[in-house]
Amino acid sequence: AQLVRQNGQYFGSGFNTILWTSAPVSSGITLNTSNGTFSVSRSGIYSIITSFRTGSGPDEWHGISLLDANGTQLAKSHATGQDTPVSGESQTFPLLVSLLTGQSYSIALYRQTGLQVATPGIPAAGWAFVATITYAS
């Protein structure tokens with residue numbers, strides 16, 4: 001499945017749920033666009049790869065976390081930093097997680113400064129964020 005955030009979204013410091021706008025490929029995944037959560041049709045191990053391209057700004061640190069419906073962090077990616085000035089650098093964050101049916105999950109970006117990331121129109125086809133979710137076993 002693939003989740004997409006097509007327009008820019010401002011992210012303050014800390015955890016910020018990515019508000020996905022569509023799921024153009026949604027085999028086995030149900031997306032709730034009102035709150036950015038998703039659920040799976042079968043329990044198992046999933047690979048989640050989240051990518052985005054930053055806007056321009058100062059030194060910045062990012063990471064991705066998978067949260068449950070209560071906001072509990074279930075998994076987190078590595079963190080990466082960018083030097084000043086930042087301008088349109090692509091970021092990719094992999095996670096390998098166990099997901100259960102009947103549960104809602106969200107993907108959150110963690111940021112350490114106030115830079116606006118995912119400026120609309122910078123990524124290919126205007127997609128600011130893309131998450132690919134693949135059933136592994």
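Mentor: Gladly! A charge sits over a ring if NZ of Lys or CZ of Arg is within 6 Å of the ring centre and within 35 degrees of the ring normal. Keep in mind that this is a predicted model.

Trainee: What makes R42 a residue whose charged end sits over the ring of Y135?

Mentor: The charged end of R42 is 3.5 Å from the centre of that ring. The limit is within 6 Å, so R42 is said to sit over the ring of Y135.

Trainee: Why is Y135 called partly exposed?

Mentor: Its relative accessibility is 31%. Buried means under 20% and exposed over 50%, so a value in between counts as partly exposed.

Trainee: Which aromatic pair includes Y135, and why is the pair called edge-to-face?

Mentor: Y135 pairs with Y46, at 5.3 Å centre to centre and 75 degrees between the planes. Centres must lie within 6.5 Å, and planes over 60 degrees apart count as edge-to-face, so both tests are passed. Y46 lies in strand β6 and Y135 in strand β14, 89 residues apart. Y46 counts as buried, because its relative accessibility is 4% and the cut-off is under 20%.

Trainee: How many aromatic pairs does the structure hold?

Mentor: There are two. F38 and Y105 form a pair with 6.0 Å between the centres and 40 degrees between the planes.

Trainee: Why is the pair of F38 and Y105 called tilted?

Mentor: Under 30 degrees would be stacked and over 60 edge-to-face; the angle here is 40 degrees, so the pair is tilted. F38 belongs to strand β5 and Y105 to strand β13, so the pair ties together parts 67 residues apart in sequence. F38 has a relative accessible area of 1% and Y105 has 4%, so both fall under the 20% limit for buried.

Trainee: What makes A1 buried?

Mentor: The relative accessible area of A1 is 18%, and the cut-off is under 20%, so A1 counts as buried. A1 is in the segment before β1, and its C-alpha is 6.4 Å from that of I29, 28 residues away along the chain. Setting aside residues up to four places away in sequence, A1 touches V25, S26, S27, I29, A131, T132 and I133.

Trainee: Why is β1 said to pair with β3?

Mentor: Pairing takes at least two bridges, and β1 and β3 have two, so the strands pair, in the antiparallel sense. V4 has S22 as its bridge partner in β3. Four bridges join β1 to β14, also running antiparallel, and there the partner of L3 is A131. Both faces of β1 are covered: Q2 and V4 on one side, L3 and R5 on the other, are all buried.

Methods: Residues are numbered from 1 along each chain as its sequence is written. This is a predicted model: local features need pLDDT of at least 70, side-chain atom pairs count only at pLDDT 80 or more; totals for chains, interfaces and linings use all residues. Side-chain values use heavy atoms; hydrogens and water are left out. Buried means under 20% relative accessible area, exposed over 50%, partly exposed in between (1.4 Å probe, protein chains only). Contact means heavy atoms within 4.5 Å.
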